[in-house]
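Here is a short briefing to read alongside the model. Take a look at the fold first, and then go through the points below.

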Amino acid sequence: MSATTRLYYTDSTLREFAAAVVAAEPADGCVAVRLDRTAFYPTSGGQPNDPGSLGAGRVVDVVDREDGTVWHMVEAAPVPAVGETVHGQVDWPRRFDHMQQHSGQHVLSATFAELCAAKTVGFHLGVTTSTIDLDRPLLAAQVASGEAAANVVVWDNRIVEARFVTSEEAAGLPLRKPSSRTGRVRLVEIDRCDLSACGGTHVERTGAIGIIAVSSAERFKGGTRVGFVCGERALRHVRAQREQVAGCVRLLSVTPEELVSEIKRVQTGQRDQRRVTRALERRLVSL
């Protein structure tokens with residue numbers, strides 16, 4: 001059985017493609033379709049799959065099997081004939097979002113490694129936010145410095161390139177994390193920033209990431225879990241924060257600059273009120 005040709009390996013911006021059906025069979029209310037080549041990214045490496053359409057049906061899942069084949073779970077579609085040519089279309093907004101987040105993760109991981117000697121040991125690309133797990137605890141100032149350095153790389157608009165090498169060649173290169181893959185290894189290089197073995201989809205230049213914003217940082221399993229958002233996600237994050245601040249400002253009748261001091265004043269007043277209440281309760285009991 002021959003492996004599926006993965007078009008996203010060489011062109012992550014490919015939105016539409018034509019391919020021949022190699023196998024098709026019913027599967028859990030869908031049709032499982034294997035093509036000779038595909039632009040759909042299957043769930044792997046912390047990155048979710050691409051949805052989209054294949055022929056007249058909707059692609060709801062893409063599965064990467066150990067034999068190197070990629071299967072598409074197509075909803076509401078007739079079973080195509082083997083040898084039939086079908087047209088595939090990737091959900092571009094989601095694909096581009098994933099490209100921004102994944103490339104942003106490489107940049108952020110590289111800057112934390114360089115500035116803080118913190119290695120990335122885990123990555124998850126979520127629906128609204130993504131996380132990287134670092135192998136050591138970091139102070140807030142260290143997280144901020146990593147974020148700032150990552151955005152310098154973004155705004156430099158550096159080239160992002162993918163290429164293939166043998167596992168022997170990869171072993172002699174300064175990869176951020178040693179690769180355990182054998183045979184052909186795909187490398188993703190961000191100019192003057194990062195070199196990693198990776199099979200994911202990435203932007204062509206770092207400027208397309210837009211911005212990298214750290215949304216959270218907390219202790220996790222002896223290290224640090226850093227939440228982050230890139231590109232449009234960062235814009236949505238800022239909008240949500242702005243709405244929350246605006247709501248608090250209206251409730252407390254203060255300016256945004258006065259918000260923290262006003263919250264402290266309210267908390268102090270509540271503590272004082274609780275002390276008075278407890279004293280009155282004790283007096284009431286004695287009476």
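The protein has a radius of gyration of 25 Å, while a compact globule of 287 residues would have one near 19 Å. Here the radius is taken over C-alpha atoms, and the globule rule is 2.2 Å times the number of residues to the power 0.38. This is a predicted model, in which local features need pLDDT of at least 70 and side-chain atom pairs count only at pLDDT 80 or more, while totals for chains, interfaces and linings use all residues. Residues are numbered from 1 along each chain as its sequence is written, and side-chain values use heavy atoms, with hydrogens and water left out.

**Overall form**
- Along the principal axes, the C-alpha atoms fill a box of roughly 90 × 50 × 35 Å.
- You will find 5 helices and 15 strands (DSSP runs: H or I of at least four residues for helices, E of at least two for strands).

**Burial and surface**
- Of the 287 residues, 40% count as buried (under 20% relative accessible area, 1.4 Å probe, protein chains only).
- The accessible surface is about 15,800 Å², and carbon and sulfur atoms hold 53% of that (Shrake-Rupley method, 1.4 Å probe).

**Cysteines**
- The structure holds 0 disulfides (pairs of cysteine sulfur atoms within 2.5 Å).
- Cys-116 is in no disulfide, and the nearest cysteine sulfur, in Cys-193, is 14 Å away; Cys-116 is also buried, at 4% relative accessibility.
- Cys-230 is buried at 0% relative accessible area, and its sulfur lies 12 Å from the closest cysteine sulfur, in Cys-193, which is too far for a bond.

Terms used:
Buried < 20%, exposed > 50% of the residue type's maximum accessible area, 1.4 Å probe, protein only.
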